[in-house]
Amino acid sequence: MEPDSLEEWARLAPKESFAVVGLGGAGGDAVRDLVQLGIPGVHAFAVNTDFRHLGSLPVEERILLGQRQLRGRGSGGNRAAVLAAAEEGKEELLRRLGRFEVVFLLAGLGGGTGSALLPYLSEALRETDALPVPVVFLPFQVEMDTNPDRRANVEETLGELERMGGLLLAIANEKLTRFGSLPLHRAFLLRNTYLHRLVASLVDMVEHPSQLNVDLASLRTHLADAGLSTLLYGECHISEPERLVQQALTETMLDFHVPDAASALVHLDGGSNLTLQTIQRILSAMHQQLGQPRRMILGTRYHAERHDVVRLTAIVGGLKPRTMRDALGSA
Ligand SMILES: Nc1nc2c(ncn2[C@@H]2O[C@H](COP(=O)(O)OP(=O)(O)OP(=O)(O)O)[C@@H](O)[C@H]2O)c(=O)[nH]1
Ligand SMILES: [Mg+2]
């Protein structure tokens, strides 16, 4: 049946697909990098209680919370003040973020603003049709070993997120120590580059239908079910599919028991020489190495200029680090 008014068409029109939202300092910095690396078709937001940091970001939509109570100075680690500010700004936040299908929420744990807003917004967005994808950066081990308050803060936020259930995409900064000879901002940029490739792949999957296509509904269902997850990344010559998988699983962004993953959403970017046989070898190596996950979803995309290089980005879900505490490293 055809809708009979313009308003009705507008109501039926698909929502915008993707938003990325940086919460607090680390989240804002990550969104800045994503924007600079280029995320066409993705709406970028930054939310903070610190107006100087917010003002420094080249992000199209910036939201300052708690102007009255916190006066733009940041939270000083006071989560209760951030939550009060969020409650006050809730209606506006939901109005601006609820119109997307998938909303990535990025925050570094351990401070006041990002740590408080991440669980708060993940929960609040459930009142809308938007699917929140919380992405946390776990602080470096040395930050937690040298500051018990920070560790307690991180554990509290993780506890909240675990109790809420659902998807949590975790990236451990400690994993950046393999780039230990780089200046810190370059190491963060590398991490954000992986995140950028993941976001760009997911957008590619649904916005540019290709040979093996994943639609928005399947992506949402998969993400909603994924539980504790992390991202994998690898790049190799097409003649070495098994090495590609090996590399992606060795250089992970979180410690987890590799053969315990329950799901994987895999995206392959390849060139004109990426054959069906290579794709099959990559998938079966993933399936085997991950201990035969319950569900694997594959999307592919061809880039004519890429020829002999294949790039793998994946979200592996249903992970069991021994506990989330173990993912943080032993106390
Ligand atoms: N600035 C910055 N910090 C990062 C980044 N990645 C992880 N972090 C860590 O993120 C954690 C939280 O710090 P911030 O994001 O500055 O804290 P915030 O959410 O702004 O909270 P308050 O400033 O206390 O209100 C710290 O442990 C940082 O070390 C990054 O890319 N940039
Ligand atoms: Mg801050």
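**Notebook: ligand shell and sheet**

I sorted the shell of ligand 1 by residue type and got five nonpolar, 14 polar and three charged residues; I counted Ala, Val, Leu, Ile, Met, Phe, Trp, Tyr, Cys and Pro as nonpolar, Asp, Glu, Lys and Arg as charged, and the others, Gly among them, as polar. The model is predicted, so I note that local features need pLDDT of at least 70 and side-chain atom pairs pLDDT 80 or more, while totals for chains, interfaces and linings use all residues. Residues are numbered from 1 along each chain as its sequence is written, with chains lettered from A and ligands numbered from 1 in the order in which they are written.

I listed 22 residues around ligand 1, the closest being G24, G25, G108, G111 and G114 (near: C-beta atom, placed from the backbone, within 6 Å). Two or more shell residues come from each of α2 (24–37) and α6 (113–124), and α2 gives the largest share, five residues. Helices (H or I, at least four residues) and strands (E, at least two) are DSSP runs, numbered from the N terminus.

Next I traced the sheet. I found 10 strands in an open, mixed sheet, ordered β3-β2-β1-β4-β5-β6-β7-β10-β8-β9 (pairing: at least two DSSP bridges between two strands). I then checked β8 (263–270) against β10 (309–317): they pair antiparallel over seven bridges. V266 stands opposite A314 in β10.
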